[in-house]
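Biologist: I'd like to learn how to read a protein model, one feature at a time. Could you take me through this one?

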Amino acid sequence: MDTKKTVKSRKAAKASKEVIELSDSEKSFYESSLNNKREVGDGAPAENELETKNTTKLKEDVDKPIQSLYIHFKIDLVFITLLLAALGTRLYNLHNPRYIVFDELHYGRYVTLYTKGVFFFDAHPPLGKQMLYFAGYLAGYDGNFTFDRIGSAYPESVPVKALRFVPAVSGSLLVAISYQLMLEISTYQSTAILAAVLVLFENSFLAQSRFMLLESIQILFGLWGILCVIKSTRISGPGSIIWLCIGAFSLGCCFSVKYSGLYTYYLAIFLVGRQMWRRISNTESVLRLALSALWRLVVLVCIPLAVYISVFYAHLAMLPKAGPHDSAMTSAFQASLKGGLASITRGQPLHVSHGSQITLRHSHGRTCWLHSHAHVYPVRYTDGRGSSHQQQVTCYSFKDVNNWWIVKRPDQPSLAVSSPPDVIRHGEVVQLLHGITSRALNSHDVAAPVSPQSQEVSCYIDYNVSMTAQNIWRVEIVNRESEDATWDSIRSLVRLVHLDSGSALRFSSRQLPSWGFNQHEVVADKAVTHQDTIWNVEEHRYTKAEDRKERERELVSAEMIPTAATQLSFWDKFMELQYKMVTHAADAPQGHMFASEPVEWPLLVRSIAYWLSPNSNAQVHLIGNMITWYAGTLSVLLYGGLLGLYAIRQRRAYFDLTPRASQKFYDAGCVLFLGYWLHYLPYFFMDRTLFLHHYLPAYIFKILLLAFVIDHIYFTICVHESKRSFTNIFILCIAIWLAYVIITFQKFSVLSYGNTDLTETDLLNLRWKDTWDFILHKKK
């Protein structure tokens, strides 16, 4: 009996221990079984147990809730707080100053042209300008304000706050997205908050976000795209596809605002490529790996490209009318707009014939027309070389009666067009007579005035010397569809090849000295396939009179009649616009009083005076927070040093970081360190005027890298410090430093808002560098 009790007590103790280890539901069920006094392992269930089970199951079926669809939201209060703080600083008093500030001059003009539907040309894609336009459109802007100069006052009819709203909101979201991006890079939440606070209290981002400027829009699209791409690399399945598609769309928007957004796009491609490189070591099949890489490539190429093309489709659809920027485009493009070149092409003959009066336009790059005048080349140039002393031939950038030429077959003395017209075809030879002087286009084996490696082009003057005329040119139609294609006005792209030398008539892109009235040089060049050897007939009429004086009167008094637009497909316009944007980038104005060099940007050597009040010393400057700016530059150097140090020590089998810490360090480097250099280094190779605001896309990565470096130093101290004393000192130092960041932001915010009348003493106190361009109105 005692033995049985002992065994039962052991079983009960064992059962009690198992119950403790079970979940609550399992424990409840187990205790219920014990209460029914069921022996363990006695076979079939007891009768009362069956009844209990059936009752319980019936009750569960009755109480079971009906299945439905649920959406669960998680609200990050830190994210909301940062966003509200950013909106408070960026939207505060947004309508002031109520004057044109810096590049609002240009973007305001573009908004006005969008409102009127007038075509304009700009070297950057149009998405940012379209966003400004839609904000103005919703606010009722009528487009009747002339953005004439920086500092002009806005009338009440201009919704200033609405036009500045999109950049301001973009600059605010930039703070919150910086927080999310740092969380995704696997830093502490405190570090992500620090990064967002540094962006929040950065004066350069504040100033750039408060006006009709595009950098905040571009940077927002770029950071959001990078964030989505990183998310897609951290997960698999449909979620990865969705995040990558969203990221690709945002990146397409990024470089559709400004072409510098392509650097962010390249960073995203690198991050996805890095993900695929890591997967090569996995055991998955080659086919699956290839398909995975393929769909990512398709997403990263097709979606951004579709966004980019759609933006230009909308751009061209919104601007159907001719305007002052038409001259940058080809004759065919101009003729496709309402008005403009269409007003001078109505009823003009299509086929160029013997006796045609034409103007020849340079088809690529700079807009100019083949031109001549009665002046001759100097006998000798300043370098001692001699010339032919023949009549000058140039490329002139303006419409002029001296741009007219008459096409003539060499063997026909008459200049009147026959009936039917004697049409010129591909491969045939012609002479070109200057309309006003009646001298033939000519070239000799004489060095050109500015490009001595090429032949001089002139209009032949018979000086009764041994230099005979060489004025026969072969017509080559570049875009011909057949070998007997006719030479047509507007649409035929032609190359004129000098028969004696085999050189092609070419725009050299160089300017002549004052004796050539600073017009552009035209030469005969052996590089016949060069793009600058291509011309097209723009204006065209048939010669009616044989008498020279009568022909001159025809040319001078010709009347232009309005006409319907010439049809040109979207793809034709799109491709031409892309080409013109690339070629005209080199023609950007050189030199500016507030220009700076890339080597100066990390040290904030120059600022930019955006606006100066006409009535006081209130002013707006693009200037950074010096505390953050210099700390960020130091963090780039420090991270680079640590990167090299860890690499060397790992090579020698010393591992300073745990695998997880090492992974986090290199992940941050691939996003932030590489992102900084990718957005900064290209400017060293650009031959154009640069400003401090070109540094801002790189600077955002530098600020985030600064926060990460602080995070890494803190981690290193915690790992190697046995006591908390040094860690606490480090935290205290960071807190003091952050307080100085906020104080500096507040001190310089008067130059971001432009709402404070500063005294001379105030300006001197703010001028922490002698190279900063502050302006002082002397008060009477």
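This is a predicted model: local features need pLDDT of at least 70, side-chain atom pairs count only at pLDDT 80 or more; totals for chains, interfaces and linings use all residues.

Biologist: Is S454 buried or exposed?

Modeller: Here are the cut-offs: buried means under 20% relative accessible area, exposed over 50%, and partly exposed in between (1.4 Å probe, protein chains only). S454 has a relative accessible area of 5%, so S454 is buried.

Biologist: Which residues does S454 touch?

Modeller: A contact means heavy atoms within 4.5 Å. Leaving out residues up to four places away in sequence, S454 touches V446, A447, A448, V523, A524 and D525.

Biologist: How many disulfides does the structure hold?

Modeller: To find one here, we look for a pair of cysteine sulfur atoms within 2.5 Å. The structure holds one. The partners are C368 and C395, with sulfur atoms 2.1 Å apart. C368 is in the loop between strand 1 (356-362) and strand 2 (369-376) and C395 is in strand 3 (residues 391-396), so the pair ties together parts 27 residues apart in sequence. The link of C368 and C395 is right-handed, with 90° about the S-S bond, and both cysteines are buried.

Biologist: What about C245 and C733, how do they count?

Modeller: C245 counts as partly exposed because its relative accessibility is 26%. C733 is at 46%, so C733 counts as partly exposed too.

Biologist: Now salt bridges. How many does the structure hold?

Modeller: The rule is a side-chain nitrogen of Lys or Arg within 4 Å of a carboxyl oxygen of Asp or Glu. The structure holds 22 of them. One of them joins the side chains of K258 and E215 at 2.5 Å, N to O. That pair links distant parts of the chain, with K258 in the loop between helix 12 (238-257) and helix 13 (262-279), and E215 in helix 11 (residues 215-234), 43 residues apart. Both K258 and E215 are buried.

Biologist: Where do R274 and D667 lie?

Modeller: R274 is in helix 13 and D667 in helix 19, 393 residues apart. Their closest N and O atoms are 2.9 Å apart, in a salt bridge, and both residues are buried.

Biologist: Which residues are linked in a network of salt bridges?

Modeller: Those are R361, K399, E538 and E539. Within it, the side chains of K399 and E538 meet at 3.3 Å, N to O. K399 lies in the loop between strand 3 and strand 4 (404-408) and E538 in strand 12 (residues 535-542), so this pair ties together parts 139 residues apart in sequence. K399 counts as partly exposed because its relative accessibility is 44%, whereas E538, at 0%, counts as buried.

Biologist: How do I check the span of helix 18?

Modeller: The expected span of a helix is 1.5 Å times one less than its number of residues. Helix 18 (residues 626-651) has 26 residues, so it should span 38 Å, and its end C-alpha atoms are 38 Å apart, which agrees. Its buried residues include W629, Y639 and Y646. The buried residues of helix 18 pack against helix 9 (189-200), helix 10 (203-209), helix 19 (659-680), helix 20 (696-720) and helix 21 (725-748). Just after helix 18, A653 takes a positive phi of about 70°.

Biologist: Last one: which residues in the largest nonpolar core touch the most other members?

Modeller: In soluble globular proteins, nonpolar side chains tend to be buried together. A nonpolar core is a set of buried Ala, Val, Leu, Ile, Met, Phe, Trp, Tyr and Cys residues joined through side-chain atoms within 4.5 Å. Of the 158 residues in the largest core, F119, M182, F205 and L672 touch the most other members. Helix 20 gives the most to this core, with 15 residues. A second, separate core of 30 residues includes W405, V430, C459 and V522.

Notes: Residues are numbered from 1 along each chain as its sequence is written. Side-chain values use heavy atoms; hydrogens and water are left out. Helices (H or I, at least four residues) and strands (E, at least two) are DSSP runs, numbered from the N terminus.
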